[in-house]
Each structure stands twice: as structure tokens, then as C-alpha cells.
Amino acid sequence: MKQIHEYEQDIASIRNIMEKSFKFLSLSGLSGMLAGCYALVGAGAAYFVIHAENRNYRQYVFESMRNPSVMWKLIGIALVVLIASIGTGVWLSSKKAKKLGIPFMNTAGRRLAFNLAIPLITGGLFTLILLYYGFIGFAAPVMLMFYGLALFQGSSNTYDEIRYLGLCEIVLGLISALFVGYGLIFWAIGFGVLHIVYGAIMYKKYDK
Amino acid sequence: MKNPFDNLDKVLEHRVRLQIMSALVTNDAFDFSALKEMLNVTDGNLASHIKALEKEKYISVNKTFVDRKPNTKYKITEKGRNAFRKHLDALEAVIKQQK
């Protein structure tokens, strides 16, 4: 017969395996902070691009597709921010996984990536469709809302705090949909400021 | 009074078996290499414990081919899920009794 403390260890190991098999715990807080910085730089660049054309953002939104070259520049900036953020996230998370001594792309990681990808790709394509039809004012709200939904959905496979980040993005997206024309500011808050705040919280809590 | 130790599942007394069940109870399915990677055990060790669980019909085995390589997926059965739950209840009772 086993000792009582062995039974206690049994329970601890059950808990450990359940978490490890279901949650992706290598997510790096630092990469969240960096992604937020990229987004702020991107938003600044977008502001500059719009103003270089001597128009303000609100006016540009209502003039819609009259200047496709500005539109392409903005899409380019967004893509650079996206790729830089994902690249940094993958790189720093794989480093963290190594430090924790767990495989980077385990079952939980693959499931998280899949659960995030479906709403994100849907939102991305929908944003492009909105731009195509000239609904530029709704691009930022839609990006924020779909991103928030993706995080909310994916949070069950990673740290619980991500759920609240998702909710914040959804609320912010809805508010920004009410204030069409100020999308860039909301975009900078949602993808820049919130990422930096959340990244810092996660970094302090889990990465140190 | 009944001894809570009697309710413990003899098959699940081994820690590795308990860990395999914990992983399968929270997930749809696992293949051999993913289980091995997570539990940090040797091939032989894992295979023998899987065989024991399979013999009790606590897990089901599904062999397929992915890119012509054999791929074996393990799933928990209803019987296994009940046994795991009972074993957890028994563990709880054992520990409570000691306190």
C-alpha cells in the first residue's frame, strides 16, 4: 500500500498533466509588449501617411476609395505589423518553451493556433471586403472585434487572463464602431496600448 | 465503516497510468509520441502502461496511416472515464480520512 503523501503526489501529477496537455503555457508576455510597440509605430506611420496627403483621417474615411495608393500603403503597414508581431511571438514563445523545458508546438499549442486562426482569418478577409466596398470606417472596429473574439475563444487553451484581453478588445471594437472616423485611435489603443499593458502583466506574473 | 482504500482502482495506482488517463480525460485523443513527450517516459515504459490500460478497456486504440507512416491514436472509453472518476473520488476520501 502506498503512503499518504504518495497519493497526494498522484493528485498533483494529475493536475500538472491536465494543465500541460490542455494549455499552451509558453506564451511570452514580452512578445505581447513588443507587438504593442509595433502596433503603435504602425499607427503612427499610418497617421503620417494619411496626413502626408494633406487630409485628416476623418475626411479620408469619408472620401473612401478615392486614393488607392494611400489605401495600399495602409494595408502594407498593417501587414508589416502583423508579420513582425507573429514572428516575435513565435520566436520568444519558443525561447520560453525551451526555458520551461516543454516542447513548443505541443497538442495544446496546435489547438490554440487553430482556434485563433479561424476567427482571425475570417476577420481579416472580412476587413479586406469592407475596404473593397469602401467601408473604410468599419475596418478598425471589425479588426478589433474579430481579434477579441479570437482571443476569447483561444483563451481556454492558454493563460486565463487572455479571456479578459479578448473582452476588452471586443468592447473597444464596439465602441469604435459607434465613432466611425476615429478608427485609427481605437486601433492604436486596442492593438498597441492594451497589448503593452497585458504583456507587462503577463511578463510580471509568468515570465520572471 | 468502509475502508476508502478499497475503492482505489488497482490499475490506476501506477502514476504513469494515472497521468495517461489525466491527459486523455481532458483531450479528445493523443498519439504515442505526444504522450511520450508530455509524460517524459521511455517508449517501453509508456507502451507497457498503455497495454495495461487497453487490456482493462479504459482506453481505445485507433491505428491509421498518415503519409504512409503508422499513427496510433489513443482515446479514453466511457469505462475508463468512470474508473478515473471513481479513482479520484477514492483518492479524495483517502486523503480526507487522514486529516
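**Close-up views of a predicted model**

Across all chains of this predicted model, a search of the whole structure finds zero disulfides.

**View 1. The cysteines Cys37(A) and Cys168(A).** Cys37(A) takes part in no disulfide, and the nearest cysteine sulfur, which belongs to Cys168(A), lies 18 Å away. Seen from the other residue, the sulfur of Cys168(A) has its closest cysteine sulfur in Cys37(A), and because these atoms are 18 Å apart they are too far for a bond, the cut-off for a disulfide being 2.5 Å. Cys37(A) counts as partly exposed, at 36% relative accessibility, and Cys168(A) is likewise partly exposed, with a relative accessible area of 34%.

**View 2. The largest nonpolar core, with 33 residues.** The residues with the most contacts inside this core are Ile20(B), Met21(B), Leu35(B) and Leu53(B). Two or more residues come from each of helix H1 (4-22) of chain A and, in chain B, helix H1 (15-26), helix H2 (32-39), helix H3 (43-55), strand E3 (69-76) and helix H4 (78-98). Of these elements, H1(B) gives the most, with seven residues.

View 3. Apart from neighbours within four places in sequence, Met21(B) is in contact with Leu12(B), Leu53(B), Tyr58(B), Ile59(B), Ile76(B), Gly80(B) and Phe84(B). A second, separate core has 25 residues, among them Tyr147(A), Ile162(A), Ala188(A) and Phe191(A).

**View 4. Thr127(A) in helix H5 (residues 107-132) of chain A.** Thr127(A) counts as buried because its relative accessibility is 7%, where the cut-off is under 20%. Leaving aside neighbours within four places in sequence, Thr127(A) is in contact with Ala139(A), Val142(A) and Met143(A).

Notes
Residues numbered from 1 in each chain as written. Chains lettered and ligands numbered in written order. Predicted model: local features only at pLDDT ≥ 70, side-chain atom pairs only at ≥ 80, totals over all residues. Heavy atoms only, no water. Core = buried A, V, L, I, M, F, W, Y, C linked by side-chain atoms within 4.5 Å. Buried < 20%, exposed > 50% of the residue type's maximum accessible area, 1.4 Å probe, protein only. Helix = DSSP H or I, 4+ residues; strand = E, 2+ residues; numbered from the N terminus. Contact = heavy atoms within 4.5 Å.
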